[in-house]
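Try each task with the structure open, then check the solution.

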Amino acid sequence: MLFDRPVVCIDLETTGASPQQDRITEIGLIEISPDGSLQEWSTLINPQTRISEFIERLTGISNAMVADAPRFEDIAEELQQRLQGRIFIAHNARFDYAFIKNAFKRMDVHFRADTLCTVRLSRRLYPQYFKHNLDSLIQRMGITTAARHRAMTDARVLVDFLAWIQRDHPLETLRDAIRQVMAKPALPPHLPEGLVDDIPDSPGVYLFYGDRHNGDQATGKQVMPLYVGKSNSLRGRVLSHFSGDHRSTKELRISQQIKHIEWHETAGELGALLLEARLVKALQPVHNQRLRRENDLCTWQMLTREDGHKTLALRYAADIDFALTADLYGMFTSQRQAIEILRNLADAHRLCLIQLGLEKPSRGKSTPCFGYQIKKCRGVCVGKEPALQHDLRLMEALAKLKVRTWPYPGAVAVRETFAGKQELHIIDRWSYLGTARDEADIEHILSGKADPVFDLDTFKILSRHLNGEAEVLPLTGSNRHAAGALDDAFRQDN
Ligand SMILES: [Zn+2]
């Protein structure tokens, strides 16, 4: 016997790829009993939503075919009985399992099963092959099938596959392979079972908590997370924290302390980055080292002196608006860092520290700077280099540090979409004001906005993302005007 328990080979057809957004249109399953007897069961399902033309063509299941079919709720009880206590075997099992789990979840029914993925099993047993999709398996096994992409036909291929591997490999090899494929990742000891199963494979932000309820009711204080992270694929990223392979001391500590996980799905990477930055700043999780709060954020502003030549002055984010002020160079988290970097630049470009304002001239008009005496300054301080030439060399030296001023007349919305979900990130002067999911949100965010606070992490995220590829919708003029522009943006999708 290959399995020590009853198993069920299952295949679904759906209206799309997202277990959250899309719905099941057909279920085909074959129960295999320990004595080897098979029992087939299949049904079309009315998804209560339209099947797109593309999916109609792919699966051969049309809107007309499912119009009179039972809804998932109608067959849920029977399905549950057929799946109960059986190993859930599917090709890319995570997909089918997620659809079934979500369908039950919408009925407030908790469903879980041990799964065996035949893609992973095939990969383990036949590492010499690159492709392990159903068509490749069919070809390798040399079998003929009826219409592909119908649930029962595909489920039968899995039964054939299980028979085929038993002719190809000794039983012990197969049992080992199945054990390894079914092995769950070692999860932290205090995490509730099944919690990780519920995390979607979508972009978003996750929060790890230790003692979640400890003390919060008594003090009313918010419980701080251990760690906040972001990913384009939440579930895989969360699991990677707990994989034994490359576990750092920090990851080990987190997995010993973690008791709960929360997550927020976003419509894309930008939304995840902005939310992560905001949460890390607001909550300061103990295990987050990046994105710390900066108290002394400063920059060099290029000024023109009375004699018409260029010098620099240190400016703090607390005093001027970095997003709107011209001629700013570099962002530094401390005065020390600002000076150190400017000194290095001056060395490399043989600039004069007196001219830059870093060194006070001694009395007397043209005393040389210290750098000139050790041949590091080209001598603008003693008239050996024309001041205009020094100006030009200074601008060249600083060019790479130039701070991009906010290029829009006012606030903008940046649109992101994922699996039919849309988000509009409202940005003004490099500051993230919030994310809108409908028009009321936009009005709310824009009307509630205080003067934006410049934040280095947000600036870095945005200046990387607001390039030619981003979809930026200006929100100039009144809020009503803005909402009108966004109205169109929403209409495109809905
Ligand atoms: Zn000098």
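**Exercise 1.** Find the bridge partner of Cys-298 in β11, and describe the sheet around this pair.

*Solution.* 
Step 1. In this predicted model, Cys-298 has Phe-332 of β11 as its bridge partner.
Step 2. Strand β9 (residues 298-304) and β11 are joined by three bridges, and their pairing is antiparallel.
Step 3. These strands belong to an open sheet of three strands in the order β10-β9-β11, paired antiparallel.
Step 4. The edge positions are taken by β10 (310-316) and β11 (328-332); each has a single partner strand, so one side of each has no neighbour in the sheet.
Step 5. From one strand to the next, the twist averages 25°.

**Exercise 2.** Which strands does α13 touch where it packs on this sheet, and at what angle does α16 run to β10?

*Solution.* 
Step 1. Helix α13 packs on the sheet and touches β9, β10 and β11. Its direction makes about 55° with that of β9.
Step 2. Helix α16 lies across β9, β10 and β11 as well, and runs at about 40° to β10.

**Exercise 3.** Describe how helices α13 and α16 pack, and classify the residues of their contact.

*Solution.* 
Step 1. Two packed helices are described by the angle between their axes and the distance between the axes.
Step 2. For α13 (residues 335-349) and α16 (residues 387-398), the angle is about 125° and the axes are 10 Å apart.
Step 3. The crossing of the two helices is right-handed.
Step 4. On the α13 side the contact holds Leu-342, Leu-345 and His-349; on the α16 side it holds Arg-393, Ala-397 and Leu-398.
Step 5. Sorted by type, the contact residues are four nonpolar, one polar and one charged.

**Exercise 4.** Work out the order of the sheet that contains β6, β7 and β8, and find the helix that packs on it.

*Solution.* 
Step 1. The order of this open sheet is β7-β6-β8, with antiparallel pairing.
Step 2. Its edge strands are β7 (227-231) and β8 (260-265), each of which pairs on one side only.
Step 3. Neighbouring strands are turned against each other by 20° on average, direction ignored.
Step 4. Strand β6 (residues 204-209) pairs with β7 over five bridges. Within this pair, Val-205 stands opposite Lys-230 of β7.
Step 5. The helix is α12 (residues 269-283), which touches β6, β7 and β8; its direction makes about 170° with that of β7.

**Exercise 5.** How many bridges join β2 to β3, and which residue of their hairpin takes a positive phi?

*Solution.* 
Step 1. Strands of a sheet pair through backbone hydrogen bonds, either parallel or antiparallel.
Step 2. Strands β2 (residues 24-32) and β3 (residues 38-44) run antiparallel and are joined by seven bridges.
Step 3. Glu-26 stands opposite Leu-44 in β3.
Step 4. Five residues lie between the strands of the hairpin, where Gly-36 has a positive phi near 90°.

**Exercise 6.** Compare the radius of gyration of the protein chain with that of a compact globule of 494 residues.

*Solution.* 
Step 1. Such a globule would have a radius of gyration near 23 Å, but the chain has 31 Å.
Step 2. The C-alpha trace spans about 105 × 55 × 55 Å along its principal axes.
Step 3. The secondary structure of the chain comes to 19 helices and 15 strands.

Note on methods: Residues numbered from 1 in each chain as written. Predicted model: local features only at pLDDT ≥ 70, side-chain atom pairs only at ≥ 80, totals over all residues. Heavy atoms only, no water. Axes fitted to C-alpha atoms, helices over the stretch in contact; angles between N-to-C directions. Helix = DSSP H or I, 4+ residues; strand = E, 2+ residues; numbered from the N terminus. Left-handed = near helix turned anticlockwise from the far one by under 90°. Contact = heavy atoms within 4.5 Å. Nonpolar A, V, L, I, M, F, W, Y, C, P; charged D, E, K, R; others polar. Pairing = 2+ DSSP bridges. Rg over C-alpha atoms; globule rule 2.2 N^0.38 Å.
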